[in-house]
Amino acid sequence: MPVSLEGARRIYEALKACNIRLVSALPETWLVPLLRLVEADQEMRLVQVAREEESIGIAAGAYFAGLPSIHVMQNHGFLAAINPLVSLAMLYKIPVLLLISYRGSWGERDPWQTQGGLLTEPVLRALTIPYYCLRREDDLTRRLKEAQALALSALHPVAVLLTREVLWEDEEP
Amino acid sequence: MLRADALREIYPELERRIVVTIMGAVAAELYALGHRPNFFYLEHSMGLASSLGLGLALALPGQQVIVLDGDGSLLMNLGTLTTLARYRPPNLLHVVFDNGSLVSVGGFPTATASGTDLAEMARAAGMPRVLEAETLAQFRTAVTQALARPAMTTLVAKVEASAPASYRLDLDLLENRFQFKRYLDSLRSSS
């Protein structure tokens with residue numbers, strides 16, 4: 001059951017199409033192939049954070065400076081970043097594009113991921129953060145561009161959730 | 001050393017540079033010296049001023065960014081020292097006013113009052129340059145040195161736990177945000 005390299009490559013290409021120049025991230029298993037592609041790209045800068053909260057500060061700095069950015073984290077990391085999303089991004093009307101690996105949802109086999117999985121979408125809704133769960137058949141570039149456009153016009157965080165079917169290759173469902 | 005005096009001492013250096021402050025006393029005292037469109041006061045999100053400064057410094061390598069942080073804020077996001085040290089933008093000066101107190105929110109002592117050494121923590125995190133100041137003259141010299149020879153720097157300045165006469169800024173936070181954004185946009189379009 002490896003991480004889908006094809007899924008990672010499709011997401012990377014969507015980030016390129018969005019002209020993403022700065023990617024902050026807290027790496028985790030699902031995200032490693034994607035972040036390797038980002039790291040190898042001379043036109044993108046990968047900033048690896050110690051804690052997801054930092055990413056929201058970096059997002060604000062990059063936005064003020066006019067540099068298109070995206071902030072990659074696991075859904076549990078998103079839960080760790082709630083306060084800065086509220087009291088920096090939303091308070092100051094900063095568009096933050098979040099790319100969140102959606103652990104603990106359909107097909108999850110690790111029990112420890114499931115509580116965060118159950119809460120991810122309810123918390124996003126409570127925060128009024130628009131979100132979209134990517135599907136394997138989606139045009140990922142289109143979906144990422146739409147998320148980026150909405151964040152910039154609403155001056156608000158927007159989240160794209162990386163589901164298991166996009167990022168993981170199960171031996172059998 | 002009073003933080004207000006330290007800010008007054010370096011105000012001429014701040015006038016022309018991108019400045020991010022934490023909330024509370026630092027914001028109020030800098031504002032009282034004279035607001036500029038290149039000053040952003042992060043009126044919440046304690047701990048993230050340095051992360052915001054990192055984003056600015058990485059995105060604008062031709063501009064000097066100065067973050068005015070505090071011990072209470074930095075203690076809420078110690079991981080930032082490791083991230084700053086790792087990416088070490090040479091155009092970022094991280095000033096930490098250490099008064100050993102949560103002075104803006106009731107005055108409880110912070111861990112630096114009982115021995116935590118933020119300068120040592122910055123060194124141990126791998127910060128390229130760490131400076132310390134206990135007097136106005138040392139502070140002035142340290143800032144001059146940091147700005148003259150670019151390198152990612154954390155400057156820990158020991159100050160008294162003094163509070164400003166007023167914490168009020170006659171500037172709505174969104175007004176500050178849009179003004180700051182417009183200032184940075186104008187920098188990019190003129191460069």
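Trainee: Which residues of α3(B) are buried?
Mentor: The buried ones are A49(B), S50(B), S51(B), L52(B), G53(B), L54(B), G55(B), L56(B), A57(B), L58(B) and A59(B). Keep in mind that this is a predicted model. Helix α3 of chain B covers residues 49-59, and eleven of its eleven residues are buried, so the rest of the structure largely encloses it.

Trainee: OK, what about strand β4 of chain B, how many of its residues are buried?
Mentor: Seven of the seven, over residues 92-98, so β4(B) is largely enclosed by the rest of the structure.

Trainee: And which residues sit on which side of β4(B)?
Mentor: L92(B), H94(B), V96(B) and D98(B) are on one side, with L93(B), V95(B) and F97(B) on the other.

Trainee: How many bridges join β3(B) to β4(B)?
Mentor: Six, and β3(B), residues 65-70, runs parallel to β4(B). One pair to look at is V67(B), whose bridge partner in β4(B) is H94(B).

Trainee: What does β4(B) do with β8(B), parallel or antiparallel?
Mentor: Parallel, over six bridges, with β8(B) spanning residues 153-158. There, D98(B) has K158(B) as its bridge partner.

Trainee: Switching to helix pairs. At what angle do α1(B) and α7(B) cross?
Mentor: Roughly 30°, with the axes of α1(B) (residues 3-14) and α7(B) (residues 136-148) coming within 10 Å. The two are therefore roughly parallel to each other. Their crossing is right-handed.

Trainee: Which residues meet there?
Mentor: From α1(B) you have D5(B), A6(B), E9(B), I10(B) and E13(B); from α7(B), L136(B), F139(B), R140(B), V143(B) and L147(B). Sorted by class, that contact has six nonpolar, no polar and four charged residues.

Trainee: Now chain A. How do α1(A) and α2(A) cross?
Mentor: At roughly 45°, and the axes of α1(A) (residues 5-17) and α2(A) (residues 32-40) come within 8 Å. That angle makes α1(A) oblique to α2(A). The crossing is right-handed here.

Trainee: What's in that contact?
Mentor: L5(A), A8(A), R9(A), I11(A) and Y12(A) of α1(A) meet P33(A), L34(A), L37(A) and V38(A) of α2(A). By class, you get eight nonpolar, no polar and one charged residues.

Trainee: In what order do the strands of the chain A sheet run?
Mentor: β2-β1-β3-β4-β6-β5, six strands in an open sheet with parallel pairing. β2 (45-48) and β5 (131-133) stand at the edges with a single partner strand each, so one side of each has no neighbour in the sheet. On average, neighbouring strands are turned by 20° against each other, ignoring direction.

Trainee: What packs on that sheet?
Mentor: Helix α7(A), residues 140-154, which touches β4, β5 and β6 of chain A. Its direction makes about 160° with that of β6(A), residues 158-162.

Trainee: Last one: how many residues are in contact between the chains?
Mentor: 25 residues of chain A with 26 residues of chain B. On the chain A side, β2, α3 (52-64) and α5 (82-90) each supply at least two residues. α3(A) gives the most, with ten. By class, the chain A side has 16 nonpolar, four polar and five charged residues.

Conventions
Residues numbered from 1 in each chain as written. Chains lettered and ligands numbered in written order. Predicted model: local features only at pLDDT ≥ 70, side-chain atom pairs only at ≥ 80, totals over all residues. Buried ≥ 20, exposed ≤ 12 C-beta atoms within 10 Å, placed from the backbone. Helix = DSSP H or I, 4+ residues; strand = E, 2+ residues; numbered from the N terminus. Pairing = 2+ DSSP bridges. Axes fitted to C-alpha atoms, helices over the stretch in contact; angles between N-to-C directions. Parallel < 35°, antiparallel > 145°, perpendicular 65-115°, else oblique. Left-handed = near helix turned anticlockwise from the far one by under 90°. Contact = placed C-beta atoms within 7 Å. Nonpolar A, V, L, I, M, F, W, Y, C, P; charged D, E, K, R; others polar.
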